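Student: Could you take me through the aromatic ring pairs here, with a close look at how they sit in the fold?

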Amino acid sequence: MSRHRRSTASRLVAGVRGQSRWTTLLALLAVSALTAFGMPALSGATFTAISKNSASVTAANDWTPPTVSVRNPGAAVSGNATITADATDGQSGIANVVVQYLAPGASSWTTLCTATSSPYACPWNTAAGADGTYSLRAIATDNAGYSTTSDVVSTAVANKLFIVLGDPGDILRGTVPLTATLYNNGILPYVVTIQYAVAGTTTWKTFCTTLLPPYTCSWNTTGNGFTQGESYDLRAYATLGTSTVTSAIIDDVLIDNVAPTVTMTDPGTPLRGTTTFAATATDADAGVSSVQLQYQRSGTSTWTTFCTIAVDPYSCRYATNQLTDGTYAFRAVATDGAGNTTTSATVSNRVVDNTVTTVAVEDPGAFLSGTVAINASGSSSAGIASIRIDRAPSGTTTWTTLCTDTTSPYSCSFNTTTVADGTYDFRAVLTDNQARTTTSATLSGRRVDNSPLRGYDVQGVNGGASVGKFTAGDTLKLTYTDEVNLGSITSGWTGSSLPVTLRLRDGNLLGLGGTNDTVDVLRNGSAVNLGSINTKGNFAKNQKTISFNATMVATTTAINGETATVVTITLGSVASGSGLRTQSAAAAMVWTPSATATDLQGRACSTTPTTELGALDRDF
């Protein structure tokens, strides 16, 4: 029996997301501007890319996928029901909406109907199928061909005697109510029992047994017999004499009453200008969901949050000139996925003093390509006349001025294509209103990399009923900026469907921490040359490795009007290992491609990490 979980909207890999509606002229101008600044963009006009080793994909001047959602029909339905979806597209309009259900225990979706006009509603004869918990979703396609899959909603089909155990959530702490609902039982006195078992086992133990509705009991997750960090399966059943009906299993419910660990990094003293503040935090079970950095001015009792970070490294830049000069204490507060919190030890007696001149170069990132902004910050009690930003090849003193800015924010545009690939240092020079200059510390070793072949996007798409959990049917899409010699990814590959193994490893195994679980792809036991993907999530239990049977195919799309390769890996069944977790937080994955992959001219792929495009979501 399968559990029911919410899903996430799948997003089209190719295309610029989140844009407002453009006219044709503005679309063309936008593409020109993006290209000029070295940023990937789709063609503004209809374009079909064709490759000798892969399928074709068409891009059009509607760059934004539609939005779609399914209305929840309620906790239970019976007889003839109607399932309605809502869909909008502000550009080319909705072409059709496909409404589907996933039956209990099924591995593929069944289409109820395809609606072409609003309201997008489908009749559903629920009596034609088995009673049980069903997942519902809708797929909206606009007139430009872009599609979006809605979040999944769940409902119970109850035409006969049927019992449903309410989903208490993915991660639990403290005392949690568990409630079962019995349908079509009439006035007969059924006895309802709610049970638990260690996930993946069949050794069921009883929480409670009750005769009368509401069939509710409390689960004290801190009680004896429950292991913190362990996952449990839950079910309910009703009996009357020798007649028994059992609910769908809610699987892999993690209990976690153990708070994370967190340490505030000493920012030093005195503090001036824009300063980096940081903390370290870990949680082996539910994973760290956020870290708040806080300050308290001496003589007060109020802590103020000045930065909240959802993914590690848990650091941020903060302009201390927003604070009144004086003595401060700093601390960090970490919250895990279950809601447990820990406050770090306080770093006290740190002086904020912005009465003198300070200047710093803001970090543009470890890897630079195209045109990037190099920013500086500064303060001076004498006032700032200008800030000059310089660059030099790393380790040299051959400084070249990028620009001199006289107004805040102080920023320069650096066209990295005008210099050779390699590492560069940056500095800022502040001139105050009395013509005195102050030079910042050097920001060293930022790599310029404008390799023609590089990663463009990484997307995880949920293909099953469980959002935030690796399951059969889920896909991982890796999009390059150019065509790849597919034989350089794995020997002899032409892009057709190829059996591979997708390996998911807990980040703790790689020294990355529990919220940095990592994926790579193997063929015959050896890694193929796709590189690795940091999921920025906690999909595998502590120290666990899970391998999936999978298939890998290559297609093409258009990036900046150029043909580019898309590699899609589709998950099948689990091949080995156990310990899958449901990731409850949204995050942006990071793909580090392999330099062994080459383009059609034999040029090596850049290893510059690529961050998932689009809005944050729960992948898989």
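Tutor: Happy to! Buried means under 20% relative accessible area, exposed over 50%, and partly exposed in between, with a 1.4 Å probe and protein chains only. This is a predicted model, in which local features need pLDDT of at least 70 and side-chain atom pairs count only at pLDDT 80 or more, while totals for chains, interfaces and linings use all residues. Residues are numbered from 1 along each chain as its sequence is written, and side-chain values use heavy atoms, leaving out hydrogens and water.

Rings of Phe, Tyr and Trp (its six-membered ring) pair if their centres lie within 6.5 Å; planes under 30 degrees apart count as stacked, over 60 as edge-to-face and the rest as tilted. There are 25 aromatic pairs in the structure. Take Trp124 and Tyr134: their ring centres are 5.4 Å apart and their planes meet at 70°, so this pair is edge-to-face. It links distant parts of the chain, 10 residues apart, with Trp124 in strand E8 (residues 120-125) and Tyr134 in strand E9 (residues 132-142). Strands (E, at least two residues) are DSSP runs, numbered from the N terminus. Trp124 is buried, at a relative accessible area of 6%, and Tyr134 is buried too, at 3%.

Tyr196 and Tyr232 also form an edge-to-face pair, with 6.1 Å centre to centre and 70° between the planes. Here Tyr196 lies in strand E15 (residues 191-198) and Tyr232 in strand E18 (residues 231-240), 36 residues apart. Both of these tyrosines, Tyr196 and Tyr232, are buried.

Finally, ring pairs join Phe277, Tyr295, Phe306, Tyr318, Tyr328 and Phe330 into a cluster.

Note on methods
Helices (H or I, at least four residues) and strands (E, at least two) are DSSP runs, numbered from the N terminus.
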